Amino acid sequence: MQHTRSSIRIWDLPTRLCHWALAACVIGAYISVKLGGLYMDWHVRFGLATLGLVVFRLAWGLAGPRYARFATFVRGPGAIRRYLQGAAAPAGHNPLGALSVIAMLAVLGFQAASGLFTSDDIMTQGPLYARVDESLAEWFGRWHHTNEWLIIGLVALHLLAVFWYAAVRRKRLVRPMITGDALPQDLPAGTPPAQDGPAVWLRAALLAGAAAALVLWIRSLEIVADFSFS
């Protein structure tokens with residue numbers, strides 16, 4: 001149900017699936033890299049999935065429904081200042097939340113892209129590792145490890161913001177990202193619902209298919225490097 005007297009559809013299904021799939025990939029990539037060994041194959045898989053999801057979300061930010069589009073929620077310094085001074089939050093992402101979305105996509109996109117050129121010098125490498133100069137691969141590797149801390153910091157800030165909104169502003173952020181619906185009292189008066197239905201899902205499926213094809217093509221470019229010491 002998209003719009004009833006007791007709820008308003010804000011987050012379409014593709015946006016919600018992308019959000020939670022990205023969360024799962026980040027957790028999976030972090031756990032697998034800490035376990036190491038044979039789990040590094042899963043680390044690569046999670047990284048490639050993250051790359052595909054970021055590509056999809058960037059495309060969905062241009063072609064998705066109202067509240068998923070960057071043009072709807074990305075605002076300048078003036079809007080951020082007014083929000084910090086107490087202006088009412090718009091439906092969807094508020095101006096600070098928009099910064100969080102852009103920052104998260106940037107760091108996750110860089111992490112996934114840099115991982116394509118990175119090797120652990122033991123048995124695991126990114127698909128494009130052997131296609132670049134060794135010095136460039138080392139540069140990507142250093143930043144790949146450094147960027148991990150930026151991701152941890154942003155995730156921590158994101159979780160703190162969710163708890164703060166729930167405890168201080170009494171505004172639910174998690175439930176709408178699960179169900180897609182927000183309560184009218186949590187939104188500005190007259191907020192229109194977002195489109196969500198078969199036509200939206202078909203458009204998302206086509207974009208997701210294109211993103212998956214891109215990732216599979218990148219994976220096909222892999223040249224297995226020789227790490228033997230003979």
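Reply: Of the 230 residues in the protein chain, 41% count as buried. The model is a predicted one, and its average pLDDT is 92, with 95% of the residues scoring at least 70.

The secondary structure consists of 8 helices and 2 strands. Read from the N terminus, the order of elements is β-α-α-α-α-α-α-α-β-α. Along the principal axes, the C-alpha atoms fill a box of roughly 70 × 35 × 30 Å. Among contacts in the chain with a separation of 6 or more, 75% are between residues 24 or more positions apart.

Now to the network itself. The whole structure has 6 salt bridges. Four residues, Arg9, Arg16, Asp181 and Asp196, are linked in a network of such bridges.

Start with Asp181, which forms a salt bridge with Arg9; their closest N and O atoms are 2.6 Å apart. Asp181 belongs to strand β2 (residues 181-182) and Arg9 to strand β1 (residues 8-9), so this pair ties together parts of the chain that are 172 residues apart in sequence. Both Asp181 and Arg9 are buried.

Arg9 also has Asp196 as a partner, again with the closest N and O atoms 2.6 Å apart. Here too the link is between distant parts of the chain: Asp196 sits in the loop between β2 and α8, and Arg9, in strand β1, is 187 residues away. Why does Asp196 count as buried? Its relative accessible area is 6%, and the cut-off for buried is under 20%. Arg9 is buried for a like reason, because its relative accessible area is 8%.

Asp196 in turn meets Arg16, with the closest N and O atoms 3.4 Å apart in this salt bridge. Arg16 lies in helix α1 (residues 13-35) and Asp196 in the loop between β2 and α8, so the pair ties together parts 180 residues apart in sequence. Arg16 counts as buried as well, because its relative accessibility is 9%.

The axes of α4 and helix α5 (residues 95-115) come within 8 Å and cross at roughly 125°. That angle makes α4 oblique to α5. On the α4 side, the contact is made by Ala79, Ile80, Tyr83 and Leu84, and on the α5 side by Pro95, Leu96 and Leu99. By residue class, this contact has 7 nonpolar, no polar and no charged residues. The network, by contrast, is made of salt bridges among Arg9, Arg16, Asp181 and Asp196.

Definitions and conventions
Residues are numbered from 1 along each chain as its sequence is written. This is a predicted model: local features need pLDDT of at least 70, side-chain atom pairs count only at pLDDT 80 or more; totals for chains, interfaces and linings use all residues. Side-chain values use heavy atoms; hydrogens and water are left out. pLDDT is the predictor's confidence in each residue, from 0 to 100. Axes are lines fitted to C-alpha atoms, for helices over the stretch in contact, and angles run from 0 to 180 degrees between N-to-C directions. Helices (H or I, at least four residues) and strands (E, at least two) are DSSP runs, numbered from the N terminus. Angles under 35 degrees count as roughly parallel, over 145 as roughly antiparallel, 65 to 115 as roughly perpendicular and the rest as oblique. Contact means heavy atoms within 4.5 Å. Ala, Val, Leu, Ile, Met, Phe, Trp, Tyr, Cys and Pro count as nonpolar, Asp, Glu, Lys and Arg as charged, and the others, Gly among them, as polar. A salt bridge is a side-chain nitrogen of Lys or Arg within 4 Å of a carboxyl oxygen of Asp or Glu. Buried means under 20% relative accessible area, exposed over 50%, partly exposed in between (1.4 Å probe, protein chains only).
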